[in-house]
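Me: I would like to learn how to read a model of this kind, feature by feature, with the general idea placed before the particular case.

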Amino acid sequence: MNTEEQETSLRIAPIADHALYIDFGEVIDAAVNQRVTALAKRVADARIEGVTGLIPTYRALTVAYDCTRIRQSRLIAHLERLLAEPDEQAAPVRTWEVPVAYGGDHGIDLLWLSEHHQLDPQEVIRLHSAVSYRVYMIGFMPGFAYLGGLDQQLHTSRRESPRLKTPAGSISIGGMQTAVASVEAPSGWHLIGQTPARSFVPSRQEPFLFGAGDEICFTPISAEEFDELWAQPDYLPQWTWRT
Amino acid sequence: MSSLHVVNPGLLTTLQDRGRTGYEDRGVPPSGALDELSFAIANALVGNPPGTGALEFTLVGGQFRVGQGGCVIAVTGDMQVFIDDQPVTPYQCHVLRSDAVLKVGRALSGARGYLAVAGGFAAEPVLGSVSTLMRGALGGFAGRALAKGDELPLAAPSQYLPTAARAPGQRLLPQREHQPLRVVLGPQQGHFAPVEIQRFLSESFQVSGQSDRMGYRMTGPVIAHLKGFNIVSDAISTGSVQIPGSGHPIIAMHDRQTTGGYPKIATVIRADLARLGQLKPGDWLSFAEVSVEDAEDLWCERQVLLNAYLDELLMRYRRRS
């Protein structure tokens, strides 16, 4: 086996002859996730011949490769060299300002969730839009963003029976996480709002808005403002570089 | 330009190519032909560049009426093929006149068949591929499986029309190999006791009816976890063998979710994915361990063989045209 436990709890393991798996530990943690996205960036910048894809998740980076172009043993040597380099000091982070219509038809579980936590719905909205979140990973559906940093008061276990269909742009809470849904999808999470920003449009020049490592801040908007932005197919939320 | 009118779409027929690569970090699985070998041969038989979109049939084919202008087609996989009710040979290209009726029957062995048309189908690529991802309504024709009454526009065929290209033998039918699927253990084999890994590698599993382009579910022996069945979500690859709470393995296929939270005991090697793609509900399978180096050698050898075979087909074309 190519598996190897290192002191840092870092582990490189084969995913057959398709990919390598670099595991930073079994945790959901901003610092661990930061190491994952930092390594993904270094591997991307190294432009290693034969590497066909990089998939950063909460706690691991998967490096897909084509073994007719590079053998795994050589790829491991490359990656070990990159892993030995110190993480760059804080690269700038893309920070998105995402408008959200909370409650009502846009967030049908807001009242239930408020009662569940014995909070005023306005307080739930305030807590949810007061912090900035880190995009830990994109997964589940095209463009679906899993966010970390949810206020502990809002942690809510998932619904017992998932809904078969939830709207595109849904802002939801599941366990200790919150998420921005891209397209219509089944979901067992609680729907508290909806954004008029379309995070996945295949025909757009930049099909996806969010990537792992980005930051997202939510701004409450009214249902009328939602309608106005939703009616603009080219509407994009604002973002800035934060260093 | 001609078209195919869908008289009967079959059970599940979708447009597929070699899939979309490079978007797994954005939650988009690769999709693409489940048996890339039969898919590649279908394209070569009609003189298409490799990777041109073709129809993928599931268990049964379908029925199509050819539009004005006719077309040249080839069917691969172990399927029955009829032109105007006359049986014809698969693994051979056929010229269809306007209004001809092409019928593709059930699969005699395996689960998938492919219909390639000279020039390909006129479908808009999405993120670089025409492959259909039904779960995301992406690609193909309206992001869904074919339906009765659909009109499938064809792209202009290449300038020379092949007339009689035939695959030299059917030695590349992957479904005819009844051998264990080869796997590399991991990346989470540490979640299973050695006796459970031994069980996984020695017993037989049956493909359940709840299997589709997202994943193959197995019934049969139960694989027990050492420390619970939830892990912090990480990436899933094609061929990843996940063990969920039930202990019944699920093999991730081309339309899988890109991330998931079950431990993965092993991964099917690339050289055996086409054969895996031909398995159908009720089939039995077992797993055998190989090293990464052997898996890489097997894939490189497979690619050399396939390329030589495709070159041989193209040579026949040049001689005839």
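The dialogue below takes up confidence, helix packing, strand pairing, the chain contact and some backbone details.

Me: What should I know about numbering and confidence before I start?

Reply: Residues are numbered from 1 along each chain as its sequence is written, and chains are lettered from A and ligands numbered from 1 in the order in which they are written. This is a predicted model, in which local features need pLDDT of at least 70 and side-chain atom pairs count only at pLDDT 80 or more, while totals for chains, interfaces and linings use all residues. The score pLDDT is the predictor's confidence in each residue, from 0 to 100. Chain A averages a pLDDT of 93, and 95% of the residues score at least 70.

Me: Over which residues of chain A does pLDDT stay under 50?

Reply: Where pLDDT is low, the predicted coordinates should not be read in detail. In chain A this concerns residues 1-7, where pLDDT stays under 50 and the model has 12 contacts beyond four places in sequence; two residues are in contact if their C-beta atoms, placed from the backbone, lie within 7 Å.

Me: How do the axes of α1 and α2 of chain A cross?

Reply: Helices (H or I, at least four residues) and strands (E, at least two) are DSSP runs, numbered from the N terminus. Axes are lines fitted to C-alpha atoms, for helices over the stretch in contact, and angles run from 0 to 180 degrees between N-to-C directions. In chain A, the axes of α1 (residues 30-46) and α2 (residues 72-84) come within 10 Å and cross at roughly 125°. That makes α1(A) oblique to α2(A), since angles under 35 degrees count as roughly parallel, over 145 as roughly antiparallel, 65 to 115 as roughly perpendicular and the rest as oblique.

Me: Which residues of α1(A) and α2(A) meet?

Reply: From α1(A) come A:L39, A:R42, A:V43 and A:A46, which meet A:L79, A:L82 and A:L83 in α2(A). This contact divides into six nonpolar residues, no polar and one charged, where Ala, Val, Leu, Ile, Met, Phe, Trp, Tyr, Cys and Pro count as nonpolar, Asp, Glu, Lys and Arg as charged, and the others, Gly among them, as polar.

Me: Which strands does β5(A) join by seven bridges, and in what sense?

Reply: Strands of a sheet pair through backbone hydrogen bonds, either parallel or antiparallel, and two strands are taken to pair if DSSP finds at least two bridges between them. Seven bridges join β5(A) to β13 (residues 215-221) of chain A, and these run parallel, with A:V98 opposite A:F218. Strand β5 (residues 93-102) of chain A is also joined by five bridges to β14 (residues 238-242) of chain A, in the antiparallel sense, and there A:V93 stands opposite A:R242.

Me: In what order do the eight strands of the open sheet in chain B lie?

Reply: The order is β18-β11-β12-β15-β14-β17-β10-β19, with mixed pairing. Within this sheet β10(B) and β17(B) pair antiparallel over three bridges, and B:V184 stands opposite B:T267 in β17(B).

Me: How many residues does each chain bring to the contact?

Reply: Chain B brings 36 residues and chain A brings 40 residues. On the side of chain B that touches chain A, α4(B) gives the most, with six residues.

Me: Where is B:P187 found, and what kind of peptide bond joins B:G186 to it?

Reply: B:P187 is found in the loop between β10 and α2 of chain B, and the bond between B:G186 and B:P187 is cis, with omega about 10°.
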